[in-house]
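The following account leads the reader through a structure, moving between whole chains and single residues. Please keep the sequence and the coordinates at hand while reading.

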Amino acid sequence: MSVQEVLPLNGLASEQSGPFRADHLLVAEMVKPGSKVLDVGCGEGDLLQLLETRGIDGRGIELSREGVNRCVAKGLAVVQGDADTDLVNYPDDAFDYVILSQTLQATRQPKVVLENLLRIGRRAIVSFPNFGFWRMRLQLLIGGHMPRTENLPASWYDTANIHFCTIKDFVELCDEIHVKMERAEALDLYGRPLRLRLPWWVWNLFGEQGVFLLSRGGER
Amino acid sequence: MVGVKSVPSPTIPSSAISADDRSHEVDHPSSEVAQFGADQPLRLDCGIDLSPFQIAYKTYGELNADRSNAVLICHALTGDQHVANVHPVTGKSGWWETLVGPGRPLDPSRYFIICSNVIGGCMGSTGPASINPATGKVWGLDFPVITIPDMVRAQAMLIDRLGIDTLFAVVGGSMGGMQVLQWTAAYPTRVYSALAIACSTRHSAQNIAFHELGRQAVMADPDWHNGAYADRGIHPHRGLAVARMAAHITYLSDAALHRKFGRRMQDRDLPTFSFDADFQVESYLRYQGSSFVERFDANSYLYLTRAMDYFDIAGDHGGVLAKAFAGIETRFCVVSFTSDWLFPTSESRALVHALNASSARVSFAEIETDRGHDAFLLDVPEFFDIARAFLQSAGKARGLSVKND
């Protein structure tokens, strides 16, 4: 794969693969069949539905009432709640995996949330938009304004995303709280993994989002 | 009716209901009845074995061959077993026909639906208005105090009698929701799924206070006679009507009352400068009070409100709610309404946290409405969508066929 191939084209959003989003397919692939999963910030339940088709016992938490009600109306086990305040109510080791898909940047205390994920679940899967993505950098450097993309279209004053980070920042946070990275993927604007084992700085530049499979007890 | 002016209803003139209709239903309900003799006493929380006793119930639909499609509906404080048929006393349609019926989330062509009058009620199950076989007179205050767990224990005996081991679903709102939760705490393996609406695992201090207000209104009525009014052939209408009026306010919301009545006058343009029901909202409340007393027994109201007051699942499990649901495999759906101030969303959320802590499979939705606690009985499409989807997905997991074959 050449660098040119990972450069985004114009007018893009996540590419759909069948009825499911490519990043969801990647997350689902990281989950072992038959396990028990909590999806924090599950939106309208697309990922939970995907997991259900694979025989995975999925539960969800979602902040927006509309999202929750759509999930429940789909027959999913989803509760209305806030990742920042409600994760403390879950006991240790309640799940095999806790998933935080495109939600970390919207939490008030990402570090505390991350710690809770790995307390409640034996493993965590975290995906987030990479603010080190070259187009983000370019918008700030050349345009002189806060970056906006197809996947993050909100303006700075009305975005729910309050804690953006880069892939590099996230890796550093994982080191700091001794979280072990079992698997890391960077996805391009289409949601396709950057297949080559490229150095971190390349991922940080060309990954539109990062997806990490984490477990406890990582070493510095 | 003395003192409370009745506003005629366009459909059911209040005069159409006689006290005889009500008292006849108490011992001889126009629905199925299960009799439990001396060999099957109901063991009450207060330590008394109630025997003999009877449970009046209605069923809709048919039990399938493997007895897996039974749904128990638990009624609220002043409800009864007549969920989806014309009420034998009031002549009104069933109280939950929005949820139960052909094409509804609980369709009798798919489920075998059971609803029983609670023990302590006055529509055919044994209660304070029933005849005490030991004396040949109405029980009155000699009837033992009952609890929500007692109601559920009696329902379990009925379900046994019907030859059903596991209920596909137990469904209820308000006091009915309390019974749903009690079912899951007491008989977790007998409940496949639980739909608990606008309820709580314990009655709050404010709700106990409202109930005490209602009871004091009944007891302050000189016709109450320490509960022995039946012997005198009278009924404390005024006290019970006031209790109902106060309670009815708690079932609505400020916004709903304002939308429905505002400050509009009743059949007049100017205030009368008297204590007549000048305002529509007063007239409405008086109607609610007067129509209620025609179908409900005052002592029964005391007993059932008391049962709700005593309800506290955590209290029965060392103060830790999650312990009540430890290891439970029942699928839960908890629903609350934004404007319900009797059983606010915070109560449902506390329940959901406990269920999460027990790793129970739970869905929880809060529905936006200004219609208050009563919303669960009204036409709220979002609620029906959720109830339908929850039951369908549970039915799929349970392997229920779509047709009842």
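The model shown here is predicted. Although Asn226(B) is not a glycine, its phi is positive, at about 55°. With 8 other C-beta atoms within 10 Å, Asn226(B) is exposed; the cut-off for that class is 12 or fewer.

Phe273(B) is placed in the loop between helix H6 (254-260) and helix H7 (280-293) of chain B. Its phi is also positive, about 55°, although Phe273(B) is not a glycine. The count of other C-beta atoms within 10 Å of Phe273(B) is 7, so the residue is exposed.

A backbone feature of another kind occurs at Pro52(B). This residue belongs to the loop between strand E3 (49-50) and strand E4 (53-60) of chain B. The peptide bond that leads from Ser51(B) to Pro52(B) is cis, and its omega is near -10°.

Is Met219(B) buried, partly exposed or exposed? It has 15 other C-beta atoms within 10 Å and is therefore partly exposed, since that class lies between the limit of 12 or fewer for exposed residues and that of 20 or more for buried ones. When residues up to four places away in sequence are not counted, Met219(B) touches Trp224(B) and Gly239(B). Thr184(B) is 35 residues from Met219(B) along the chain, and the C-alpha atoms of the two are separated by 35 Å.

Attention now turns to a pair of helices in chain B. Helix H2 comprises residues 148-161 and helix H3 comprises residues 175-186; their axes come within 9 Å and cross at roughly 70°. The two helices are therefore roughly perpendicular to each other, because crossing angles of 65 to 115 degrees fall in that class. Which residues form the contact between H2(B) and H3(B)? From H2(B) come Ile148(B), Pro149(B), Met151(B) and Val152(B), and they meet Met178(B), Gln179(B), Gln182(B), Trp183(B) and Ala186(B) of H3(B). By residue class, this contact divides into seven nonpolar, two polar and no charged residues.

Nonpolar residues also define the core. In soluble globular proteins, nonpolar side chains tend to be buried together. The largest nonpolar core of this model has 171 residues, and those with the most contacts inside it are Val72(A), Val71(B), Leu167(B) and Ala169(B). The surroundings of Val71(B) can be followed in detail. With its neighbours within four places in sequence left aside, Val71(B) is in contact with Leu106(B), Tyr111(B), Phe112(B), Ile113(B), Ile114(B), Leu167(B), Phe168(B), Ala169(B) and Val171(B). Two of these partners, Leu167(B) and Ala169(B), are themselves named among the residues with the most contacts inside the core.

Considered as a whole, chain B has 11 helices and 12 strands. Its radius of gyration is 21 Å, which agrees with the value near 22 Å that a compact globule of 405 residues would have. The C-alpha trace of chain B spans about 65 × 50 × 45 Å along its principal axes. Of its 405 residues, 52% count as buried. Among the contacts in chain B with a separation of 6 or more, 74% are between residues 24 or more positions apart.

Chain A contains nine helices and nine strands. Its radius of gyration of 17 Å is close to the 17 Å that the globule rule gives for 220 residues, so chain A is as compact as a globular protein of that length. Along the principal axes, the C-alpha trace of chain A spans about 45 × 40 × 35 Å. Buried residues account for 45% of the 220 residues in this chain. Of the contacts in chain A between residues at least 6 apart in sequence, 67% join residues at least 24 apart.

The last step is the contact of the two chains. It takes 17 residues from chain A and 20 residues from chain B. On the side of chain A that touches chain B, helix H4 (65-73) and strand E5 (77-80) each supply at least two residues. The largest share of that side, five residues, comes from H4(A). By class, the residues on the side of chain A that touches chain B divide into 10 nonpolar, four polar and three charged.

Definitions and conventions
Residues are numbered from 1 along each chain as its sequence is written. Chains are lettered from A and ligands numbered from 1 in the order in which they are written. This is a predicted model: local features need pLDDT of at least 70, side-chain atom pairs count only at pLDDT 80 or more; totals for chains, interfaces and linings use all residues. A nonpolar core is a set of buried Ala, Val, Leu, Ile, Met, Phe, Trp, Tyr and Cys residues joined through C-beta atoms within 7 Å. Two residues are in contact if their C-beta atoms, placed from the backbone, lie within 7 Å. Helices (H or I, at least four residues) and strands (E, at least two) are DSSP runs, numbered from the N terminus. The radius of gyration is taken over C-alpha atoms; the globule rule is 2.2 Å times the number of residues to the power 0.38. Ala, Val, Leu, Ile, Met, Phe, Trp, Tyr, Cys and Pro count as nonpolar, Asp, Glu, Lys and Arg as charged, and the others, Gly among them, as polar. Axes are lines fitted to C-alpha atoms, for helices over the stretch in contact, and angles run from 0 to 180 degrees between N-to-C directions. Angles under 35 degrees count as roughly parallel, over 145 as roughly antiparallel, 65 to 115 as roughly perpendicular and the rest as oblique.
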